[in-house]
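Biologist: I would like to go through the labels on this model with you, one at a time. Could you show it first?

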Amino acid sequence: MTHQLKIVNGLVYDGSGSEPVKADIAIDNGRISAVGTVPGDAREVIDAKGCIVTPGFIDIHTHYDGQATWDDRMEPSINHGITTAIVGNCGVGFAPVRPSDHDRLVRLMEGVEDIPGTALHEGLKWNWESFPDYLNALDAMARTIDIAAMITHDPLRVYVMDERASFDAQASDEDIATMRKLVREALEAGAIGFSTGRSDLHRTADGEWTPASEATAKELTGIAEAFHGLTHGVLQAVSDFDLQRSEEAFPKEWEVVEKYVKAGGGRPASISLMQRDLAPNQWRDILKGVEKLNAEGVDMRVQVAPRAIGVFLGLQCTFHPFMGHPSYKAIAHLPLEDRVARMKDAGVKAQILSEKPDKVSVEGSSVPPIADVMLEAMEFVAEKLFMLSDDPDYEQSGEQSIAGRARARGVSVWEELYDTVIARDGKELIYLPIYNYTEMSYENVLTMMCHPQALIGLSDGGAHVGTVCDASFPSYLLKYWTQDRTRGDRIALPRAVQMLTSDIADFLGLNDRGRIKPGLKADINVIDLDNLKLEAPHMVADLPAGGQRLLQGATGYKATIVSGEVVVRNDTVTDARPGRLIRAGQQMAMAAE
């Protein structure tokens, strides 16, 4: 027998959490046909000697809602072993939509997820109105990886309520019934779930709160009832629990979340979990609430990150420390090369350093108020600002911070920041871990990841493209937490693989992937783990209309395989495009058969 593809001599981690075994894998017709001793030839053989072989990774939390309509490569996720990505998180998306609201949804996505509006305007074809139409548009394009989509609350609310969809408007009974009907229609067409966003930090590009941010429990429960009687679909929510308004608001907001997930007809649900400096113990309260819900029979999970959730600051990025300084604003319109040349002038440097920054969070701006708070407290914030260099280290000590470097040089924090942002011809990046780094270590991150209700997520792949590049989470978890960490406990490799594969597949009900097992979809990674390494993030201008975004690659991926086709070979994306849209419910039923 001649197989389509064979992977030989590899150490197989099958995704179940079991210890690895030496085994060969045969692939035929896009599926795993045999594991173990595999006789017969193959049209292609991948020698995995010295490598680990894992199921393809699944990213439960991305924002490729727009990118997936024009980009068939799906970078940067494809560079980190991701073979399935879920879009439509946090309540923001592009369907359903009327033609008159195209710009409104672009402004929403631009503000909330920091995706250039010019790129969205040029890239989006808008060949849909309903959510089923949107799924058809996604289905019409082949990609490197598979995607599944959730229907999102913000565009749904705009579609149903029009101008009344502003954050402080309450939905009527008729509005709620219509939204429930449209969500049901989306789920029956193959949506993998429904998401809502309730964060004060999320603003449109015009500085307005998002349409769904203040939706009542009545509205959310009414929508969640669309899941009743279905055997597929998940609910998702993100909330900061009104933290910027009052730390005492948590119980009231948690009550809304509880009612929402309980109304979902028994379908699984998840909420984002992170440690916030302003309320450093709130994450523990969320876990207590999740544990209580599970004790009551609700399958409630938390999405957690394998490192701090942070942003990059730099002259090429959306934010940097000098964006509010009057003398910098006078040259901000210049090309990077010219800005750096001006800033290297001693007189310009002295002038900028002598100034106080103007407020950057002003009416009509998507910049959140926390940006001004950070600028005003820069002497303190600089204790958590770090350079990543060419060998990114995300768990650094205070001595390595910008403030620590300033002390060592005997200069002010602002001068250290100035010299850093103009380094490497203005391409240097400064890393600010906003969440999960209150105590300057990852002990709380480890606790979150090891919680029985935890799911690895929150990469935001495709979003925050001018400030974040966390689509590298899988590579980081696999390498740092199993081999490289020296500041505390590690995670066993079989468990790390399980976290990235079957844990998420099982939660989503994707029973055709997430494990290496005969009959399942041939989504597989062949990884030289000992030589796996994250590259430094860097800015490129490859979005539509010349928009910029941060990318971060990795070395060590000998092969990434989707449906039996090699989409990455030796860290390079190939021309294969086997990725398709997953229609939840429909494809799951076929897989079960």
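Modeller: Happy to. This is a predicted model, in which local features need pLDDT of at least 70, side-chain atom pairs count only at pLDDT 80 or more, and totals for chains, interfaces and linings use all residues. Residues are numbered from 1 along each chain as its sequence is written, and side-chain values use heavy atoms, with hydrogens and water left out.

Biologist: At what angle do the axes of helix α6 and helix α7 cross?

Modeller: Helix α6 (residues 217-224) and helix α7 (residues 250-262) have axes that cross at roughly 20 degrees and come within 8 Å. Helices here are DSSP runs of H or I, at least four residues, numbered from the N terminus. Axes are lines fitted to C-alpha atoms over the stretch in contact, with angles from 0 to 180 degrees between N-to-C directions.

Biologist: Why are α6 and α7 called roughly parallel?

Modeller: Angles under 35 degrees count as roughly parallel, over 145 as roughly antiparallel, 65 to 115 as roughly perpendicular and the rest as oblique. The crossing is at roughly 20 degrees, so α6 and α7 are roughly parallel to each other.

Biologist: Which residues of α6 and α7 meet?

Modeller: From α6 come Ala217, Leu220, Thr221 and Ala224, and from α7 Val256, Lys259 and Tyr260; contact means heavy atoms within 4.5 Å. By class, that contact has 5 nonpolar, 1 polar and 1 charged residues. Ala, Val, Leu, Ile, Met, Phe, Trp, Tyr, Cys and Pro count as nonpolar, Asp, Glu, Lys and Arg as charged, and the others, Gly among them, as polar.

Biologist: What makes Lys259 partly exposed?

Modeller: Buried means under 20% relative accessible area, exposed over 50%, and partly exposed in between (1.4 Å probe, protein chains only). Lys259 has 41%, so the label is partly exposed. Leaving aside neighbours within four places in sequence, Lys259 is in contact with Ala217 and Thr221.

Biologist: Why are α18 and α19 called roughly antiparallel?

Modeller: The axes of α18 (residues 473-484) and α19 (residues 493-500) cross at roughly 165 degrees and come within 10 Å. That angle is why the two helices count as roughly antiparallel. Their contact involves Pro474, Leu477, Leu478 and Thr482 of α18, with Leu493, Ala496, Val497, Met499 and Leu500 of α19. These divide into 8 nonpolar, 1 polar and no charged.

Biologist: Which residues have the most contacts inside the largest nonpolar core?

Modeller: Trp254, Met300, Tyr442, Met449, Leu478 and Trp481, in a core of 124 residues.

Definitions and conventions:
A nonpolar core is a set of buried Ala, Val, Leu, Ile, Met, Phe, Trp, Tyr and Cys residues joined through side-chain atoms within 4.5 Å.
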